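Biologist: Can you put the model up and take me through how the helices pack? I would also like to go over a few single residues.

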Amino acid sequence: MAEMTIKKRPKNLDLTTIRLPLPGKVSILHRVSGVGLFLCFPLMLWLFGASLASAESFAAFKAVAAMLPVKVVLAGLLWAFVHHFCAGIRFLLLDVHVGIEKEAARKSAGVVFAVSIPLTLILWGALL
C-alpha cells in the first residue's frame with residue numbers, strides 16, 4: 001500500500017489575527033445579516049400584525065419604537081436588510097461572471113459598503 005504523506009501547512013485559526021480582504025468582509029457580513037434577518041423575521045411579522053390590529057396597539061407599538069434600545073435594534077435590522085440586499089445583488093452578478101476579476105471584486109465590495117451605509121441612513125431618516 002502506498003504511504004500517505006501528511007502535508008504540514010500553516011494553519012491560522014486565531015480569529016483575532018486573521019486579516020480578511022474587503023470582499024471577505026462583505027461575504028461574512030452578508031451571511032451574518034441573513035441569519036439575523038431570518039431569526040428576527042417571526043418577531044417582525046408579529047409586531048407588524050400587532051401594529052395593524054387596532055389604533056391602540058399601533059399607539060403602543062409607536063411608544064415602544066420610540067425607546068432608544070428599540071431604535072438601535074431597528075437600525076441594526078434596517079442595515080442588515082439593506083446590506084443583505086446590496087451584497088445579494090453583488091453575488092448575483094458574480095454568479096453570472098460579472099466582475100469576477102480580483103480588482104473588480106474589490107471595487108464591487110467597496111460599492112456594497114458605499115451604497116448600503118448611506119442608504120441605511122436615508123431610510124432611517126425616512127422611516128423612523
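Predicted model: local features only at pLDDT ≥ 70, side-chain atom pairs only at ≥ 80, totals over all residues.

Biologist: Start with H1 and H4. At what angle do they cross?

Modeller: The axes of H1 (residues 22-53) and H4 (residues 102-127) cross at roughly 50° and come within 8 Å. That angle makes H1 oblique to H4, and the crossing is left-handed.

Biologist: Which residues in H1 and H4 meet?

Modeller: From H1 there are Leu22, Pro23, Val26 and Leu29. In H4 they meet Ala105, Arg106, Ala109, Gly110, Val112 and Phe113. By class, the contact of H1 with H4 has eight nonpolar residues, one polar and one charged.

Biologist: And H1 against H3, what angle there?

Modeller: About 130°, with the axes of H1 and H3 8 Å apart. H1 is therefore oblique to H3, and H1 passes H3 in a left-handed crossing.

Biologist: Which residues make the contact of H1 and H3?

Modeller: The H1 side includes Pro23, Val26, Leu29, Ser33, Leu37, Cys40 and Met44. On H3, the residues include Leu77, Trp79, Phe81, His83, His84, Arg90 and Phe91. The residues of this contact divide into twelve nonpolar, eight polar and one charged.

Biologist: That leaves H3 with H4. What is the angle, and which hand is the crossing, left or right?

Modeller: H3 and H4 pack at about 145°, and their axes are 9 Å apart. The crossing of H3 and H4 is right-handed. Its contact residues comprise 17 nonpolar, four polar and two charged.

Biologist: On to single residues. Is Ser33 buried or exposed?

Modeller: Ser33, which is found in H1, counts as buried because its relative accessible area is 3%, and the cut-off for buried is under 20%.

Biologist: What is Ser33 in contact with?

Modeller: Leaving aside neighbours within four places in sequence, Ser33 is in contact with Ala80, His83 and His84. With His84 there is a polar contact, side chain to side chain, at 3.1 Å. Leu78 is 45 residues from Ser33 in sequence, and their C-alpha atoms are 9.9 Å apart in space.

Biologist: Now H4. Is Ser116 buried or exposed?

Modeller: Ser116 is a residue of H4, and at 0% relative accessibility it counts as buried.

Biologist: What does the side chain of Ser116 reach?

Modeller: The backbone oxygen of Val112, at 2.8 Å. Setting aside neighbours within four places in sequence, Ser116 is in contact with Trp79, Val82, His83 and Cys86.

Biologist: And the backbone oxygen of Ser116, what lies 2.6 Å from it?

Modeller: A polar atom of the side chain of Thr120. Thr120 is also found in H4.

Biologist: Is Thr120 buried or exposed?

Modeller: Thr120 is buried, with a relative accessible area of 9%. Apart from neighbours within four places in sequence, its contacts are Ala75, Leu78, Trp79 and Val82. Ala75 is 45 residues from Thr120 in sequence, and the C-alpha to C-alpha distance is 8.0 Å.

Biologist: Where is Gly49, and how far is Gly49 from Leu93 in space?

Modeller: Gly49 is in H1. Gly49 and Leu93 are 44 residues apart in sequence and 35 Å apart in space, C-alpha to C-alpha. Gly49 is partly exposed, with a relative accessible area of 38%.

Biologist: Last one. What is the phi of His97?

Modeller: His97 has a positive phi of about 65°, although it is not a glycine.

Biologist: Why point that out?

Modeller: Because most residues other than glycine have a negative phi.

Biologist: Where is His97 found, and is it buried or exposed?

Modeller: His97 is found in the loop between H3 (68-95) and H4. At 60% relative accessibility, His97 counts as exposed.

Technical notes:
Residues numbered from 1 in each chain as written. Heavy atoms only, no water. Axes fitted to C-alpha atoms, helices over the stretch in contact; angles between N-to-C directions. Helix = DSSP H or I, 4+ residues; strand = E, 2+ residues; numbered from the N terminus. Parallel < 35°, antiparallel > 145°, perpendicular 65-115°, else oblique. Left-handed = near helix turned anticlockwise from the far one by under 90°. Contact = heavy atoms within 4.5 Å. Nonpolar A, V, L, I, M, F, W, Y, C, P; charged D, E, K, R; others polar. Buried < 20%, exposed > 50% of the residue type's maximum accessible area, 1.4 Å probe, protein only. Polar contact = N/O pair within 3.5 Å; in protein donor to acceptor, adjacent residues only side chain to side chain.
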